[in-house]
Amino acid sequence: MRLEGHQKRLTIFVGESDHHGRTPLATEIVQRAHTAGLAGASVFRGVEGYGASNHIHTTRILSLSDDLPIAVVIVDTDHAIQAFLPQLDELITEGLVIIDEVEVVKYVGRSGDRRR
């Protein structure tokens, strides 16, 4: 599969302590993205941040947090991203979901990619 040019980036911000059942929410999102055949997903753990609660979560020693910010980033076609959004509606009760335009310069998938 080749993914080049103008595409969409889906970024989902959740908390490290967020779960779907017994599964960490970020893990559930990645698993569903994989099942949906999206081009790829990456999870990034923040060192500090705050959201709607206005409570700062940080890794600083004096105020260790068990709910650090997590960002799940997925880049794919607009069609694929839009088709995936209903799954996020099922999963996310608190968090932020954004979609923005990106320019993919190079994406090299493995041969035998199961999508498209």
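Reader: Let's start with a side-chain pair. What joins the side chains of glutamate 16 and arginine 45?

Author: A polar contact of 2.7 Å joins them. A polar contact is a pair of N or O atoms within 3.5 Å; within protein, one must be able to donate a hydrogen and the other to accept it, and residues adjacent in sequence count only if both atoms are side-chain atoms.

Reader: Thanks! Before I go on, what kind of model is this, and how are residues numbered?

Author: This is a predicted model, where local features need pLDDT of at least 70 and side-chain atom pairs count only at pLDDT 80 or more, while totals for chains, interfaces and linings use all residues. Residues are numbered from 1 along each chain as its sequence is written, and side-chain values use heavy atoms, with hydrogens and water left out.

Reader: Good to know. Where does glutamate 16 lie?

Author: Glutamate 16 lies in the loop between strand 1 and strand 2, the latter being residues 19-20. Helices (H or I, at least four residues) and strands (E, at least two) are DSSP runs, numbered from the N terminus.

Reader: And why does glutamate 16 count as partly exposed?

Author: Because its relative accessible area is 27%. Buried means under 20% relative accessible area, exposed over 50%, and partly exposed in between, using a 1.4 Å probe and protein chains only.

Reader: Let me zoom out. How many helices and strands does the chain have?

Author: There are 2 helices and 8 strands. Starting at the N terminus, their order is β-β-β-α-β-β-β-β-α-β.

Reader: How much of the chain is buried?

Author: Of the 116 residues, 34% are buried. Also, 76% of the contacts between residues at least 6 apart in sequence join residues at least 24 apart. Contact here means heavy atoms within 4.5 Å.

Reader: Which residues touch the most other members in the largest nonpolar core?

Author: They are Leu10, Ile12, Ile29, Ile74, Phe84 and Leu88, in a core of 18 residues. Strand 1 (5-15), helix 1 (25-35), strand 7 (69-76) and helix 2 (78-91) each give two or more residues to this core. Helix 2 has the largest share, with 6 residues. By definition, a nonpolar core is a set of buried Ala, Val, Leu, Ile, Met, Phe, Trp, Tyr and Cys residues joined through side-chain atoms within 4.5 Å.

Reader: Is leucine 10 buried or exposed?

Author: Leucine 10 is buried, because its relative accessible area is 0%. It is part of strand 1, and its C-alpha is 5.1 Å from that of isoleucine 74, 64 residues away in sequence. Setting aside residues up to four places away, leucine 10 touches residues including Val72, Phe84, Leu88 and Ile98.

Reader: What about isoleucine 29, what does it touch?

Author: Beyond residues up to four places away in sequence, isoleucine 29 touches Ile12, Val72, Phe84, Leu88, Leu91 and Ile92.

Reader: Last one! How many residues line the largest pocket?

Author: The lining has 21 residues, and Val14, Gly15, Asp18, Gly51 and Gly95 lie nearest the centre of the pocket. On a 1 Å grid over the protein atoms alone, a pocket is an open set of points where a 1.4 Å probe fits, with protein on both sides within 12 Å along at least five of seven lines, and lining residues have an atom within 4 Å of a point. Strand 1 gives the most to this lining, 3 residues.
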